[in-house]
Amino acid sequence: MAKHKGRGWYSRLLAAALGVTALAAATSVWTAQADPTGGRKPQASISAPDAGHEGQAVTKVAADIAHASDRGAKGVNITIDDGPDPIWTPQVLQLLKDSDVKATFCMVGTQAETYPDLVKAVVAAGHRLCNHTVSHDTAMDKKSEAYQSQEILDAERMITKASGGVRPEYYRAPGGAFTPYSRELAASRGMRPLGWNVDSKDFERPGADVMVATVKKEIADGPTVLFHDAGGDRSQTVAALREVLPWLREQGYSYGFPVR
């Protein structure tokens, strides 16, 4: 999601997440392998995988930030951040179903752990999962590599467990706070770094009409559109999606997923 001020919701979330990352650190080992070219390539070694997930293969993907759609030039990627949320995620899921749209849900680790049934519902509906870190720290690009590793790898573990074994396919840094290290680490775990082209600004709750106008104006700039299903009252988001989704289809766009 884009960076915003005054987010008391995330301050409380961060406080709750600190205990989670501290516990997870005891079972995770973070190492960095020297790159022959002089750079540092992160490697993650998880010493105690969750039961039932040990046999899953992880294939490295590209580490550059994805924006394009797998549906080509007229494709659109709907991305939904910060959930799952017990009030708003079910409403967004129903709206997407009614509109026959698949989306990418960028989930916060502690939210996924708290609401595993919603994570499973997202997967069952054919949507994709994205890792949005444990605590949604928009300043994590200023933190140590060890901290970045914990935020990304612990969230991957939490989301995978909550989903019943489905791994996130993307990694979106909170507020776009990517670093070369975090991108390489995510890519090494099979999670393509994911950006956005159109920020609906729904987190500021400017009104559904303003959100719709923003998408209509900026969709020509690129296919990946950012909305939210958590962090407060998302009724305006639901209203905006109800109008935007059919409008995009009327303009000849088709719905897809970000490239991997």
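**Entry 1. Charges over rings.** I started with lysine 143, whose charged end sits over the ring of tyrosine 147, 4.7 Å from the ring centre. I then looked up lysine 74, and found it over the face of tyrosine 253, at 3.9 Å from the centre of that ring. I note here that this is a predicted model.

**Entry 2. Confidence.** I checked the pLDDT before going further. The average for the protein is 85, and 78% of the residues score at least 70. Over residues 3-40 the pLDDT stays under 50; I noted 66 contacts beyond four places in sequence for this stretch. Residues 43-55 also have a pLDDT below 50, with 23 contacts in the model beyond near neighbours in sequence.

**Entry 3. Cysteines.** How many disulfides does the count come to? I get zero. The cut-off I applied is 2.5 Å between the sulfur atoms. Cysteine 106 counts as buried because its relative accessibility is 1%, and cysteine 130 is buried at 0%. The limit for buried is under 20%.

**Entry 4. Aromatic rings.** I searched for aromatic pairs and found one in the structure. The partners are tyrosine 171 and phenylalanine 178, 5.7 Å centre to centre. Their planes stand at 90 degrees, so I logged the pair as edge-to-face, for which the angle must be over 60 degrees. Are these two residues buried or exposed? Both tyrosine 171 and phenylalanine 178 are buried.

**Entry 5. Helix H7.** I took H7, residues 208-218, and listed its buried residues: Ala208, Met211, Val212, Thr214 and Val215. I then asked where they fall when seen down the helix axis. They fall within an arc of 160 degrees, so they line one face of H7. On the other side of the helix I found Asp209 and Lys217 exposed. What do the buried residues of H7 pack against? I noted strand E8 (198-199), strand E9 (224-228) and helix H8 (235-250).

How values were computed
Residues are numbered from 1 along each chain as its sequence is written. This is a predicted model: local features need pLDDT of at least 70, side-chain atom pairs count only at pLDDT 80 or more; totals for chains, interfaces and linings use all residues. Side-chain values use heavy atoms; hydrogens and water are left out. pLDDT is the predictor's confidence in each residue, from 0 to 100. Contact means heavy atoms within 4.5 Å. Buried means under 20% relative accessible area, exposed over 50%, partly exposed in between (1.4 Å probe, protein chains only). Rings of Phe, Tyr and Trp (its six-membered ring) pair if their centres lie within 6.5 Å; planes under 30 degrees apart count as stacked, over 60 as edge-to-face and the rest as tilted. A charge sits over a ring if NZ of Lys or CZ of Arg is within 6 Å of the ring centre and within 35 degrees of the ring normal. Helices (H or I, at least four residues) and strands (E, at least two) are DSSP runs, numbered from the N terminus. The arc is that of the directions from the helix axis to the C-beta atoms.
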